Amino acid sequence: MTHSTPSTHSTSTPSTHSTSTPSTHSTSTPSTYVPDLGKPPDPVPVTSRAGGPAPASRRLRDWLGAFVFTVPALVLFGLLVLVPMGYAIYISFFDWGGFGSPTDVTGFGNYTRLFKDPVFLGDLWRGGLLIGFSVVLQLPFALAMAVLLNQKLRGRAVYRMLFFAPYILSEVITGVLFGMIFAPGEGLADKVLGAVGLDGLGGDWFAGRNTVLPTLFLVMTWKYFGFHMMLHLAGLQGIPAELHEAGRIDGAGTWQRFRHITLPLLAPTLRISAFLSVVFSIQLFDLVWVITTGGPDHASETMAISMVQYGFKRYQMGYASAISVVMFLISLVFALAYQRFVLRRDTEGAITTMRANR
């Protein structure tokens with residue numbers, strides 16, 4: 001009995017002090033909760049209004065809603081694009097005049113004839129020339145005008161509108177207008193040349209085999225360069241001004257800044273512009289049809305002109321369909337090559353840049 005009293009005192013006093021003091025200190029001192037930013041939050045499961053997982057009927061209803069909104073576009077695409085394409089490929093294997101049902105099967109005879117036809121081979125050559133003219137002459141001219149109109153000029157909005165206005169005009173109006181301007185002897189071009197004493201330079205224009213293609217390209221440049229100019233202008237306005245200012249501070253001249261800053265950053269826009277220019281040249285039809293109808297003597301004829309001539313003038317629908325299939329394949333191969341080697345690289349570069357800037 002006598003020994004238990006000190007024992008009780010010795011155990012109770014330290015125990016009370018050791019448990020009560022830290023507890024009192026922990027409640028009186030303010031604390032701040034710091035979340036663990038290194039661990040991503042757990043994904044929140046899709047729940048219904050009752051708090052449980054979303055039922056399968058709701059997910060099915062979402063899929064059905066998306067499908068219902070997609071079906072009209074798919075139906076229109078199938079009826080207006082896929083079905084005509086399939087039918088054109090089908091009748092390209094027949095010698096068919098467009099009346100009745102195609103029965104005279106030729107197999108690949110139309111395609112064999114196609115690449116032996118000097119007119120179609122000339123169409124390929126002229127299409128290549130127009131593509132070369134567009135990439136080498138038209139696009140640099142559009143880029144130069146875009147760089148000029150990107151400067152601080154008085155009335156530059158008016159200039160942009162004036163240069164872009166020809167693209168808004170229809171090809172038919174453009175063809176009729178320039179048909180009158182370059183009319184032999186009576187056109188505005190011949191009268192202007194005659195007024196300055198250069199009568200010998202005029203006269204032929206669309207009437208000569210050697211002059212019709214350059215004159216046609218001149219009209220194409222007037223019609224389409226405004227579109228490419230606006231593309232380049234949009235790309236130029238997307239380049240940060242701080243980069244040019246940094247280059248100016250480092251002592252770079254105007255040409256050096258253009259070569260080492262503007263051109264690399266504008267390269268994706270230039271490639272898109274070149275792609276569109278090539279596609280436009282392959283499918284060129286209405287402007288040439290209104291001005292020259294492919295003449296004189298097939299000198300300005302394109303693949304689209306040949307297709308219409310054989311299909312609706314000579315009633316050789318099978319052969320015209322073969323021309324359309326070849327046009328489609330050329331455009332498809334070029335588009336796939338562009339997507340594989342150019343567009344994917346530009347897209348991956350943009351994504352990489354965005355991730356690096358985060």
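A: One caution before the labels. This is a predicted model.

Q: What makes V83 count as exposed?
A: V83 has a relative accessible area of 52%. Exposed means over 50%. V83 is therefore exposed. Its place is in helix α2, residues 56–91.

Q: Which residues make the nonpolar surface patch of about 760 Å²?
A: The patch is made by V75, L76, F77, L79, L80, V81, L82 and V83. Membership calls for over 30% relative accessible area. V83, at 52%, therefore passes that test.

Q: Why is the contact of R126 and D123 called a salt bridge?
A: The N to O distance between their side chains is 2.7 Å. The cut-off is within 4 Å. The pair therefore qualifies. R126 and D123 both lie in helix α4, residues 118–149. They are three residues apart, about one turn of the helix. Both are buried, and buried means under 20% relative accessible area.

Q: What makes E171 and K223 a salt bridge?
A: Their side chains meet at 3.9 Å, N to O. The limit is within 4 Å, so the label holds. E171 lies in helix α6 (residues 171–181) and K223 in helix α8 (residues 212–237), so the pair ties together parts that are 52 residues apart in sequence. Both E171 and K223 are buried.

Q: How do you know that R209 forms a salt bridge with D297?
A: The closest N and O atoms are 3.2 Å apart. The cut-off is within 4 Å, so this pair passes too. R209 lies in the loop between α7 (188–195) and α8, and D297 in the loop between α11 (286–291) and α12 (303–313), so the pair ties together parts that are 88 residues apart in sequence.

Q: How many salt bridges does the structure hold?
A: Four.

Q: Is D297 buried or exposed, and how do you know?
A: D297 has 56% relative accessibility. Exposed means over 50%, so D297 is exposed. Phi of D297 is near 55°, a positive value in a residue other than glycine.

Q: What makes T293 count as partly exposed?
A: T293 has 33% relative accessibility. Buried means under 20% and exposed means over 50%, with partly exposed in between. T293 therefore falls in between. T293 also has a positive phi of about 55°, although it is not a glycine. Its place is in the loop between α11 and α12.

Q: Where is the cis peptide bond, and what is its omega?
A: The bond runs from G295 to P296, with omega near -5°. P296 is found in the loop between α11 and α12.

Q: Which residues touch the most other members of the largest nonpolar core?
A: They are F182, F206, V219, M220, L284, L287 and I291, out of 19 residues in the core. α7, α8 and α11 each supply at least two residues of this core. The largest share, six residues, comes from α8.

Q: Where in α10 does the kink lie?
A: The kink lies at A267, shortly before the proline P268. The angle is about 55°.

Notes
Residues are numbered from 1 along each chain as its sequence is written. This is a predicted model: local features need pLDDT of at least 70, side-chain atom pairs count only at pLDDT 80 or more; totals for chains, interfaces and linings use all residues. Side-chain values use heavy atoms; hydrogens and water are left out. The bend at a residue is the angle between axes fitted to the seven residues ending there and the seven starting there. Helices (H or I, at least four residues) and strands (E, at least two) are DSSP runs, numbered from the N terminus. Patches are made of residues with over 30% relative accessible area and no salt bridge: like charges are joined within 9 Å, nonpolar side chains (Val, Leu, Ile, Met, Phe, Trp, Tyr) within 5 Å. Accessible areas come from the Shrake-Rupley method with a 1.4 Å probe; for residues, only the protein chains shown count as cover. Buried means under 20% relative accessible area, exposed over 50%, partly exposed in between (1.4 Å probe, protein chains only). A nonpolar core is a set of buried Ala, Val, Leu, Ile, Met, Phe, Trp, Tyr and Cys residues joined through side-chain atoms within 4.5 Å.
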